[in-house]
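Let's take a walk through this model together. Have a look at the chains below, and then we'll go through a few parts.

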Amino acid sequence: MSEILSDLPVTDLLPPGRHGRADGAPGVIAHPLSRLAVATLVACKGAVPRITEAALAAFGVALADAPKVSFTADIAFIGTGPGRWLVTASQAPEALMARLTDAFGDGAALTDQSDANLMLDLYGPAVGETLAKLVPVDLDPSVFRPGDAAATLVALMPLTFWQLNDSPAYRFAIPRSFAPAFLRALASAAASAGLEMAGPARG
Amino acid sequence: MSRLSEGGLIDRSKPLAFSFDGKAMRGYAGDTLASALLANDVRLVGRSFKYHRPRGIFSSGSEEPNALVELRDGARREPNSRATVVELYDGLSAASQNRWPSLDFDIQSVNGLLGPLLGAGFYYKTFMWPAALWEKLYEPLIRRAAGLGRAAEAPDPDSYDRSFAFCDLLVIGGGAAGLMAALTAGRSGARVILADEDFRFGGRILAERAEIDDAPSLAFVERAVAELAALPNVRLLPRTTVFGAYDGGTFGALERVADHLPLPPAFTPRQRYWKIVAKRSLLCAGAIDRPIVFGGNDRPGVMSAQALRTYAVRYAANPGKRAVVFANNGYAWSAAFDAAEAGVDIAAIVDVRPEAPPIQLERAKRRGVRVIQGGQVVATSGRLLSSVTVRSATGEEKIAAEVLAISGGSSPNVGLTSHFGGKPVYRADIAGFVPGACPPGMRVAGAARGDYSLARCLAAGAAEAAEAVSELGFSAYATPVPQARDNAITVTPFWHVPGSRGPAFVDLQNDVTAKDITIAHTEGFRAVELLKRYTTLGMATDQGRTSNVTGLAMMAVLTGQDVGATGTTLFRPPYTPVALGAIAGHHRGKDFRATRPTPTHDWARAQGAVFVEAGLWLRAQYFPRPGETDWLETVNREVTATRTGVGLIDVSTFGKIDIQGPDAGAFLDRVYINTFSTLPVGRARYGVMLREDGIVMDDGTTSRLGERHYLMTTTTANAAKVYQHLEFCLQVLWPELDVQMASVSEQWAQISIAGPQARAVLEQVVDGLDVSNAALPYMGVAQGTVLSGVAARIFRVSFSGELGYEIAVPARQGRRLAEALMAAGAPFGITPYGTEALGVMRIEKGHVSGNELNGQTSARDLGLGRMASTKKDYVGRVLSQRPAFLEEGRVSFVGFKPVNPGDRLRAGAHFLPHGRSGTTANDEGYMTSVAFSPLLGHWIGLGLIARGTERIGESVRAYDPVRGGDIPVEICHPAFVDPEGERLRV
Amino acid sequence: MRLPCPYCGVRDAHEFSYLGDAAPRRPDPAAPDAADAFHDYVYLRDNPAGAIRELWYHGAGCRRWIVVDRDTRTHAIAGATFASGSASGDAS
């Protein structure tokens with residue numbers, strides 16, 4: 001248990017800096033992303049084929065109707081349910097909504113969610129052992145691979161995450177009001193390995 | 001010291017200091033507390049549960065019924081720790097428990113004299129009458145007398161972890177069978193977890209002098225563990241008890257991460273709770289020695305034969321100067337021989353069998369150990385055991401001995417196999433119960449299924465593991481099985497020495513005697529489940545692992561049935577006790593559950609807000625100012641400032657659901673009692689939704705943002721429930737509707753401003769948006785930007801009854817919006833208010849809220865019946881028309897004011913007609929909500945009363961016996977403020 | 001208990017909410033016997049010892065309602081499908 005947790009108000013975000021074990025390199029690095037536009041994309045009734053075609057045409061993305069990430073350098077579609085995706089892109093929320101509206105027209109419902117989540121990247125040598133304490137999903141490389149996504153319950157909080165690469169690094173979308181509680185659970189789980197909480201990213 | 005001069009798996013280069021009952025002692029690394037106590041000549045370690053009889057150490061494992069101690073001090077004190085599994089560390093401090101004033105002299109051992117009163121069923125008999133004495137006399141008496149250890153009184157300073165793990169094969173138990181199983185599965189490439197409750201792998205090999213592949217068996221253990229540790233697909237979990245088998249291949253396990261250290265190192269948990277999901281499992285939990293029941297069998301010094309061997313061989317601790325072995329089986333003989341070789345003086349082997357196998361007689365002769373065949377122990381003596389009386393064909397003989405090692409045969413550790421209800425099956429040839437139906441995916445190998453031969457344990461571990469992983473598609477290597485030689489073990493069932501002298505204990509932990517079994521039989525409690533509950537046999541923390549089989553076998557003898565037909569009770573999780581703190585892990589204290597701050601939380605904190613929990617949310621309750629002496633003064637100020645000027649509150653916690661699609665309007669018509677498909681774009685409407693049984697589920701405003709785009713709001717409390725309900729309607733009831741939903745509760749911060757000056761404030765934050773009464777009328781919705789370019793939605797809605805707006809901006813802009821509104825409102829004295837003032841104003845306005853939407857009220861009850869459309873179907877319509885909802889005496893929603901204006905109203909008070917007594921028959925309804933109205937200068941209330949709307953002006957009693965309230969109140973219209981709603985429309 | 005969500009894969013039952021028997025269908029509200037039919041629909045449930053098809057909501061996952069084939073005696077799960085009836089769960 002990190003000392004800071006006993007003093008930090010439960011409503012505050014874990015401050016940037018080193019938490020838990022202080023010696024050596026941090027076992028886990030947590031990196032918040034503040035400039036990512038996020039939207040939900042929900043296909044209209046029977047429109048998944050149309051949405052899939054449009055995604056290929058407009059973004060060059062082969063959209064999977066599954067808990068997978070389909071992405072290009074520019075935009076990512078994360079499957080969160082049948083005919084349902086979370087879309088992320090490094091641009092202004094209005095710009096992303098405009099692009100998606102152009103691409104999908106009335107074939108899908110679009111909702112801006114850019115402020116709805118804390119987007120957090122987690123990586124580092126102890127990220128696996130730390131996430132085993134939090135995530136009730138098998139993250140073994142033989143089972144969960146880069147491009148896999150899961151919506152699940154972490155420390156009693158519903159959230160979505162996906163694997164970015166095989167270093168491994170993961171991206172978490174944490175409902176904003178749960179972010180302080182999530183970071184407390186993370187600090188607790190990563191205390192033995194040492195957690196580096198990075199400041200908000202500029203990108 | 002009784003430390004044997006050589007041998008043992010202890011590290012004599014690492015001496016450890018510890019204390020027991022304050023006395024300083026020394027042991028070695030590798031000791032348990034029990035072995036160290038024995039090595040320090042401590043034989044008396046505790047007092048028994050009921051009769052406070054002196055007790056020693058019975059076993060060498062987790063089945064220990066006697067040697068329970070308080071471990072550690074202060075906030076880390078842990079009662080009922082089994083000394084037999086506590087790993088010794090430097091500085092360990094332990095104390096005996098359930099004794100006063102001291103272990104040697106315990107005043108309550110007088111309970112022994114009361115024994116006849118405390119026998120089987122004593123709860124039901126002795127203390128039956130007079131019943132009034134139960135609470136005052138009997139229960140405190142029993143509780144003080146019959147005790148276990150004392151729990152720590154301060155919060156636990158240590159941390160506890162939890163972890164998820166997934167594997168192909170979970171091997172439970174790391175003895176001969178378990179190690180071979182893990183090797184076989186590990187070599188096949190399967191993901192393997194090997195867990196053992198001991199701090200060292202090896203199981204009985206650690207305590208037996210045996211050879212594997214013509215070398216000491218310990219070498220096999222070391223090779224196997226080294227290979228397993230090197231396999232990346234194998235996880236070794238020593239000090240880990242798999243305590244429960246659950247559905248879907250899920251297992252609970254407790255790892256004692258730092259219990260063997262003086263203090264957990266920094267950032268290390270004391271214990272870790274593992275939730276393991278295994279495709280297959282293999283139980284290799286071994287077997288334990290079972291006692292024989294005879295008079296005086298509980299004296300300190302009486303222990304299992306297996307324990308004698310373990311203390312002598314594994315720990316080099318001699319449990320006493322001379323030992324007698326009393327058994328009905330050959331395994332006890334080899335235990336005696338091993339102990340003798342380790343240096344224990346074996347005075348005699350007493351075997352109930354008239355003729356023991358010749359090979360064992362030969363081995364005894366070779367070692368010079370005396371054998372008494374056809375003998376029985378009929379009595380013991382000494383406060384600590386000093387002698388044993390043996391009856392044989394040649395008469396009775398008293399043999400001096402400090403240790404009596406007993407074995408009535410082995411009981412396989414079948415516990416986990418019966419967690420799914422599988423009944424263990426009796427095998428007469430081994431006189432023991434073996435696993436019956438196992439949980440899905442579970443196999444059993446080795447002694448846990450009654451296969452006691454070391455050679456066969458090794459072979460079965462390999463074979464069962466190979467089959468398990470083959471089922472999963474792994475090709476198991478033809479692992480060569482190491483060779484071991486052992487003799488066949490024979491056993492003759494023998495449970496109880498008839499005619500022995502002194503109390504004969506069956507269940508040592510719960511002090512259940514042979515006589516109790518007889519009483520249960522005499523009084524008709526013969527079925528094993530009744531026997532268990534009547535006598536408490538097997539109901540202690542050890543779940544009767546050393547006593548159940550013997551107890552029910554004795555019942556079988558009394559009833560003349562065979563043991564198999566009598567059957568056995570089942571074991572339940574946990575296999576051994578588990579601390580709740582370990583299961584809670586991180587979720588304790590303020591992390592018990594998540595706390596959700598609103599987008600303006602930090603701002604409200606800076607304003608000095610007092611917060612209140614609303615579900616997981618933390619909301620501002622009120623904003624006290626210097627000089628205000630109580631919350632009511634603050635709330636009155638906030639209400640008055642809002643009604644006369646303008647106030648501000650964060651309402652982001654309301655559920656917000658984006659509803660889109662061509663059928664969105666039709667969908668809302670089906671979930672609300674009123675119509676939304678006709679709502680014009682840019683307008684909001686108040687809606688009520690029912691459960692299918694006709695009861696109100698939730699209410700809120702829903703706005704139309706576009707032709708096929710609506711935004712629903714729900715109450716804070718029901719946000720998740722309503723979303724789930726809507727998904728049910730869309731996916732299960734009407735999958736043909738083309739509607740898409742998304743929760744936007746987290747996306748938008750929403751702040752309400754209300755009061756006559758609300759528009760003047762709003763005008764200053766919008767970016768050129770026309771918010772005049774004409775452009776944005778009551779229940780109008782506008783979309784645009786505020787604060788120079790922040791996307792915003794503005795809803796002209798009101799909960800307070802004043803001119804009001806709710807302004808929504810992206811969540812991260814919430815604080816900025818609050819600050820901008822405060823600045824813009826400063827000239828008007830804008831006042832932030834909290835949930836208390838909000839509650840006062842809604843009661844003054846007569847709006848229903850959570851207290852009225854209480855799961856018992858219909859729309860009609862709440863005066864909302866006229867909203868219901870008669871032109872369409874909606875959820876709950878049919879059943880809301882049931883006669884009971886329409887009958888004449890049904891309650892309705894009205895206001896109440898005190899007849900004497902100084903009287904305080906209480907929510908929860910019941911209404912009675914004047915002159916009637918406070919009985920259920922006269923009950924007419926109850927007060928749901930009350931508030932002090934600063935506007936009216938007296939308390940006001942809302943409530944439900946029979947035929948309320950017809951009784952406006954009538955006076956009734958508000959009867960509140962719990963708080964001594966009984967005052968006259970007048971029934972009135974629920975809207976105390978502006979009943980015509982003129983203020984809303986200015 | 002672990003439930004096989006057709007979208008998310010096998011997950012712990014903690015992620016789901018239970019509703020009950022999936023067999024009852026919401027009756028026709030316009031039928032002459034609607035009051036009785038709705039009474040049965042809302043209140044009357046079979047409670048079989050054995051196989052049952054029941055509704056669960058994957059609230060902490062994909063938010064789909066699913067129909068799970070479960071044996072109430074053993075908790076053995078034979079499979080699960082989307083409650084909306086389509087293979088993709090796309091409410092189509």
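How many residue pairs are in polar contact between chain C and chain A? The count is 6, with both residues at pLDDT 80 or more; a polar contact here is a pair of N or O atoms within 3.5 Å, where one must be able to donate a hydrogen and the other to accept it, and residues adjacent in sequence count only if both atoms are side-chain atoms. On the chain C side, the residues touching chain A split into 5 nonpolar, 5 polar (Gly is classed here) and 4 charged (Asp, Glu, Lys and Arg).

A word on the ground rules: this is a predicted model, where local features need pLDDT of at least 70, side-chain atom pairs need 80 or more, and totals for chains, interfaces and linings use all residues. Residues are numbered from 1 along each chain, chains are lettered from A and ligands numbered from 1 as written, and side-chain values use heavy atoms, without hydrogens or water.

Back to that interface: 14 residues of chain C are in contact (heavy atoms within 4.5 Å) with 20 residues of chain A. The two chains bury about 1,300 Å² between them, counted as accessible area (1.4 Å probe) lost by both on being put together.

Now hop over to chain B, where 5 strands (DSSP runs of at least two residues) form an open, parallel sheet in the order 17-24-18-19-20. Its edges are strand 17 (302–304) and strand 20 (371–373), and two strands pair if DSSP finds at least two bridges between them. Strand 19 (residues 346–351) and strand 20 of chain B share 3 bridges, and B:Val350 has B:Ile372 as its bridge partner.

Key
Helix = DSSP H or I, 4+ residues; strand = E, 2+ residues; numbered from the N terminus.
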